[in-house]
Each structure stands twice: as structure tokens, then as C-alpha cells.
Amino acid sequence: MRTENAARTRAEHAAGTGVGHAVGTGAEHAGGAGDGSAPVRFDTKIAVLLRDDLASWQRLNVTAFLVSGFGTASPEVIGEPYEDADGTAHLPMFRQPVLVFEGSKETVTAAHGRALSRSLPTSLFTADLFGTGNDRDNRAAVRAVGKDELDLVGIAVYGPRNAVDKVLKGARMHP
């Protein structure tokens, strides 16, 4: 356990994140000044906050949906396309880690309010979306409920590191 936590802390430090579980491409830990040996330190953070009572499959599904919008709404988060040694092209991914947190229903709701009050780009996933099967019905389910009444199971937020850290107050690193 101690070794795992130390490795996680080193990875977070290298990514300039401070807290959270990094899910990224690996490329964000290398590069930097001139010779490519200095770690990259991002001045922004992509974070997902999940409700702590979700099943494993729900956590994975919600995380994937939540981060999907950032590439189009905030194109600066996308890195360069990949190519393997055989010349096979692969899609670009986020240029920085995605940090995953968890918290109670109240923590997620409070974080959503803080993100909105700071005008940070956010995405949301409500409990109602587990019962729909397409984008049109998803959007209708969210549109039918006021922001203060949403049954949030997860949010994602992108912005300056310090602002995102304040939004996540009370959340803990996803195990």
C-alpha cells in the first residue's frame, strides 16, 4: 500500500496535480524544457467527481461520458495524434491526466454549485441517465429538472488548477 501511494504521489507531482487518481496517456509526465527531460506541469486540471455509492460499471460509464465533452468545448486539452513504430495512426487523447475523485451525494451537489459559481466548464451525469438509451433522451432528462434538483451521480470540471481544487473541496481520491 505504501509503495502504491508513493508511486501515485510521484505521478501526481510530475503531472502538477497534487491530488486525485490520474488517468492519462503517460506522455504528460515527460517533456518540458528544451531536452524533453523536465516534467510537464499543467496550469489546468481535468477532474471527475463521482458519487461514492455507484457500482463499478456505473463509475466507468459515467467517467467516460463526463470527459467526452471537453475535447470539443475546450480543444486545448487535446494532444497530438499518436503513431506507433509501424506507422499506424491512432487518435489524439487528452494532453494531461484526468483526475478521478469520489464523494457523497452532498459533496457532488456542492461541487457542482461551486463549479457553476466559478463559471468553469462542467459536464454532469444524473441518475435519470441510467434509464435512457440515447443522447436525445439524456438531454431531455436533464432539461426536465432544475439545477438545484438534479440527482447528480457525477460531474466533471476543467479549469485552472486552484479553481478546480476549490470546487473539489470535501472530495477524496478515488481508490
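1. In what follows, buried means under 20% relative accessible area, exposed means over 50%, and partly exposed lies in between (1.4 Å probe, protein chains only). This is a predicted model, in which local features need pLDDT of at least 70 and side-chain atom pairs count only at pLDDT 80 or more, while totals for chains, interfaces and linings use all residues. Residues are numbered from 1 along each chain as its sequence is written, and side-chain values use heavy atoms, with hydrogens and water left out.

2. Strand 7 (residues 152-160) has 8 of its 9 residues buried; helices (H or I, at least four residues) and strands (E, at least two) are DSSP runs, numbered from the N terminus. Strand 7 pairs antiparallel with strand 2 (residues 44-51) over 7 bridges, where pairing requires that DSSP finds at least two bridges between the strands. Strand 6 (residues 122-126) also runs antiparallel to strand 7, joined by 5 bridges. Ile46 stands opposite Tyr158, and Leu124 has Ile155 as its bridge partner.

3. Counting a salt bridge as a side-chain nitrogen of Lys or Arg within 4 Å of a carboxyl oxygen of Asp or Glu, the model has 9 salt bridges. One of them joins Lys45 and Asp165 at 2.3 Å, N to O, linking strand 2 to helix 6 (residues 161-167) across 120 residues. Lys45 counts as buried because its relative accessibility is 1%, whereas Asp165, at 32%, counts as partly exposed.

4. Asp151 and Lys105 also form a salt bridge, at 3.3 Å, N to O. Asp151 is partly exposed at 26%, as is Lys105 at 40%.
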